[in-house]
Amino acid sequence: MDIQLWREILDPYEQAVAELLVKFNNLKEEHRKKNIYSPIESVSGRVKTVTSILEKMQHKNIPFERMEDEVEDIAGIRIICQFVEDIEKVSELIDMRTDMQVFSKKDYLTNKKKSGYRSYHLIVWYTVQTVNGPKKIQVEIQIRTMAMNFWATTEHSLQYKYKGAIPSHVAVQLQKAADAIFVLDEEMSEVRSEIMDAQLDSQIQTNLVKDILTSIENMYKLDNKREVIKIQDEFYRIFQTHDIGELERFHKQLDIIAEGYRAQSIEEKN
Ligand code: 0O2
């Protein structure tokens with residue numbers, strides 16, 4: 001096989017990863033804009049390297065003609081969550097989608113791997129549009145918490161270092177670390193609602209401040225500059241009180257004032 005053929009095979013997988021990154025980041029962004037807690041903390045993706053594909057084929061005795069059917073993770077998306085509970089939520093969001101079809105699930109949360117690995121894997125069908133028409137490919141979506149990801153990333157590097165034969169004393173240490181990660185995730189779950197509330201408050205404040213400043217800027221463009229400077233000073237005063245309720249009231253008042261400014265400006269133009 002020559003290099004050109006590999007590129008041709010892998011191109012649709014590159015495309016799928018790029019598209020899915022945009023889609024999952026949009027999903028996260030949509031939550032943020034609507035002031036809803038996002039179960040997605042971050043998303044990354046990769047196309048498996050040729051070396052890694054060949055190693056897997058060799059390890060599992062997969063003939064070349066079966067590669068695209070049997071190497072399920074040529075395209076891989078990793079979704080990182082803050083809490084274990086978010087993993088199920090993300091999985092439900094994926095189940096609801098019509099642009100990908102889940103056809104297999106691997107639950108390494110309830111059944112952790114011998115290595116200590118914990119994660120939730122979905123294999124989905126995803127169709128990319130290519131110059132040769134639509135191509136349906138498999139994508140592996142790994143969903144795990146930040147803590148699980150920390151463990152998996154570290155262990156993966158060690159697997160690479162020891163070429164899959166991690167010495168037993170290191171494996172024992174990794175098992176202990178995996179147990180500690182499990183406890184950490186459980187403890188974080190206990191303060192989940194408190195953390196979520198704090199994050200939502202901060203998100204609401206960020207969106208409010210952005211809206212208020214846009215309003216002030218728009219009013220400034222419509223003249224009455226001295227008045228608008230007074231409004232801005234009032235905003236800074238309220239901002240310093242750290243009172244979201246006050247900020248919300250100010251935002252509502254500002255909407256009414258801005259509406260008045262707009263009406264006045266239309267009248268003046270006519
Ligand atoms: P890379 O470099 O991430 O591409 P199976 O025969 O079903 O047990 P299979 O087909 O590899 O094995 O599927 P599985 O177990 O769902 O694993 C797919 C991917 O999950 C792996 O891809 C890893 O990314 C991750 N994974 C699975 N087990 C472990 C583990 O013990 N430790 C770590 N760190 N990651 C794991 P690749 O091809 O191994 O690697």
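Quick housekeeping. This is a predicted model, where local features need pLDDT of at least 70 and side-chain atom pairs count only at pLDDT 80 or more, while totals for chains, interfaces and linings use all residues. Residues are numbered from 1 along each chain as its sequence is written, and side-chain values use heavy atoms, with hydrogens and water left out.

Okay, the ligand. The space it takes is the largest pocket (to sit there, more than half of a molecule's atoms must lie within 2 Å of the grid points). There are 16 residues around the ligand, and Lys48, Lys60, Lys113, Ser115 and Glu155 come nearest; being near means having a heavy atom within 4 Å.

Now the polar contacts, meaning pairs of N or O atoms within 3.5 Å. Ser115 puts a polar side-chain atom 2.7 Å from a ligand oxygen. On the nitrogen side, an N or O atom in the Glu155 side chain is 2.7 Å from a ligand nitrogen, and a polar backbone atom of Ala152 is 3.0 Å from a ligand nitrogen.

And the second largest pocket? That one holds about 220 Å³ of space, a volume being what's filled by probe spheres set on the grid points, which are joined across faces, edges and corners. Its lining includes Glu8, Asp11 and Lys135.

Definitions and conventions
Polar contact = N/O pair within 3.5 Å; in protein donor to acceptor, adjacent residues only side chain to side chain. 1 Å grid on protein atoms, 1.4 Å probe; cavity = no way out; pocket = protein on both sides within 12 Å on 5 of 7 lines; lining within 4 Å.
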